[in-house]
Amino acid sequence: MRFFQLKHRIFTLIFTALTVFMLGGCGIENMDEILNADTSAKTQAMEKGGNSDDYYNKFYGEAIRMATIKEGTKEILAIDALPKDPFGNVNWTVSVLKGYINPRPSLDAEVVDDPPLNLNVFIEAKVPLMYNVIFPHSIHTYWLSCNNCHPKIFLPEAGANPISMEEIFKGQWCGRCHGKVAFNFWPRSNCLRCHMVPKGQSLERERYK
Ligand code: HEC
Ligand code: HEC
Ligand code: HEC
């Protein structure tokens, strides 16, 4: 299982790396020296009358003063390269399936990943026109472990959970992640990522098992 937090760790890592890189290119006086913080730079800073605490305070003070902050993560080049949804957010499913990314199961190189669970659950939308929902275990268990969902969010039994769209919009059920850390509800094409089976197809339940 992939740890759910891994995605965020990777963001933080890329972001930090990029910030440091951009600062390096700004021509800040002594920045190279500070970045390649070796003992001699440290010693020099201390010799100028400070101690090692001042040295770090100076670095962070300078980093904050010089930083150009843009909201969100869309400026990150690595993310620019990934396929987006119509909302402008990364489509992580396509990124995985098309091989753009292949995250490790763990920061620990020894950890071996379990294969994703190949089990689709058919959830009928309880109104006439709305397409029915397929819940794919495969892509979820690629990123997540069983206990991220079972038994706290969903009892592991088809039809056993009184899921409704209203409650999903309020952040329950699928909305525990979707609309927050997994893809958003809007625009309409995102509705269809869950509501993917048109009503009235014969044997639809069987086809998606
Ligand atoms: C993350 C998956 C997901 C997304 C995205 C999603 N839905 Fe749903 N939707 C569900 C599930 C699960 C149900 C529950 C099926 C049921 O029992 O009716 C549902 C049910 C519904 C229903 C049936 C009535 C109800 O409250 O249960 C409607 C209408 C609906 N969704 C509309 C939408 C619209 C409009 C969007 C896009 C803005 C959307 N859904 C996006 C998962 C999703
Ligand atoms: C992202 C959330 C999520 C994760 C992670 C998850 N499941 Fe599920 N699981 C569901 C949902 C949603 C259902 C359908 C519940 C319903 O229909 O009310 C379900 C249903 C099931 C069912 C019942 C299927 C049936 O046909 O009755 C089993 C068994 C199951 N899960 C096992 C697992 C196992 C094993 C894992 C880990 C390898 C896992 N699940 C991971 C959300 C999840
Ligand atoms: C514990 C978190 C979590 C819960 C709960 C959850 N999902 Fe997801 N879901 C994810 C993640 C993570 C992905 C990978 C794609 C992404 O991050 O946008 C995903 C992807 C999907 C996909 C893949 C299709 C695509 O176009 O990306 C579908 C369909 C989907 N979810 C439906 C559902 C439905 C329906 C429910 C509720 C029954 C649900 N999910 C509940 C986290 C969750």
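This note walks through a predicted model of one protein chain and its ligands, point by point.

1. **Ground rules.** Residues are numbered from 1 along each chain as its sequence is written, while chains are lettered from A and ligands numbered from 1 in the order in which they are written. As this is a predicted model, local features need pLDDT of at least 70 and side-chain atom pairs count only at pLDDT 80 or more, whereas totals for chains, interfaces and linings use all residues; side-chain values use heavy atoms, with hydrogens and water left out.

2. **The chain as a whole.** The protein chain has 10 helices and two strands. Helices (H or I, at least four residues) and strands (E, at least two) are DSSP runs, numbered from the N terminus. Along the sequence, their order is α-α-α-α-α-α-β-β-α-α-α-α. Of the 209 residues, 27% are buried; that word stands for under 20% relative accessible area, with exposed for over 50% and partly exposed for what lies in between (1.4 Å probe, protein chains only). Take the contacts (heavy atoms within 4.5 Å) between residues at least 6 apart in sequence: 52% of them join residues at least 24 apart.

3. **The iron of ligand 1.** Which residues hold this iron atom from the protein side? Met 165, through SD, and His 195, through NE2, are its protein donors, at 2.0 to 2.1 Å. Met 165 sits in helix α8 (residues 165–169) and His 195 in the loop between α9 (188–194) and α10 (204–207), so this pair links parts of the chain 30 residues apart. A donor here is an N, O or S atom within 2.8 Å of the metal (3.2 Å for Na, K and Ca); water is not among the atoms, so sites may look incomplete. The six donor atoms subtend angles of 88 to 179 degrees, which makes the arrangement octahedral. For reference, six donors count as octahedral, and four as square planar, if opposite donors are over 155 degrees apart and all others between 65 and 115; four count as tetrahedral if all angles lie between 85 and 135 degrees, and anything else is irregular. Met 165 is partly exposed because its relative accessibility is 32%, whereas His 195 is buried at 11%.

4. **Around ligand 1.** The shell, meaning residues with a heavy atom within 4 Å, has 22 residues, and the closest are Lys 126, Met 165, Cys 191, Cys 194 and His 195. Helix α8 gives the most, with four residues. By class, 15 are nonpolar, four polar and three charged. Ala, Val, Leu, Ile, Met, Phe, Trp, Tyr, Cys and Pro count as nonpolar, Asp, Glu, Lys and Arg as charged, and the others, Gly among them, as polar. A backbone N or O atom of Met 165 lies 3.0 Å from an oxygen atom of ligand 1.

5. **The iron of ligand 2.** His 137 and His 150, both through NE2, are the protein donors of this iron atom, at 1.9 to 2.0 Å. His 137 belongs to helix α7 and His 150 to the loop between α7 and α8, 13 residues apart. Is His 137 buried or exposed? His 137 counts as buried, at 11% relative accessibility, while His 150 is partly exposed at 24%.

6. **The iron of ligand 3.** Here His 140 (NE2) and His 178 (NE2) coordinate the iron atom at 1.9 to 2.0 Å. His 140 lies in helix α7 and His 178 in the loop between α8 and α9, so the pair ties together parts 38 residues apart in sequence.

7. **Around ligand 3.** This ligand is surrounded by 23 residues, the closest being Thr 93, His 140, Cys 174, Cys 177 and His 178. Strand β2 gives the most, with four residues. The classes are 18 nonpolar, three polar and two charged. An N or O atom in the side chain of Arg 193 is 2.7 Å from an oxygen atom of ligand 3, and a polar backbone atom of Phe 183 is 3.0 Å from an oxygen atom of the ligand.

8. **A look at His 178.** His 178 is buried, at 12% relative accessibility. Leaving out residues up to four places away in sequence, His 178 touches His 140, Phe 183 and Phe 185. A polar atom of the His 178 side chain lies 3.2 Å from the backbone oxygen of Phe 183.

Note on methods. Polar contact = N/O pair within 3.5 Å; in protein donor to acceptor, adjacent residues only side chain to side chain.
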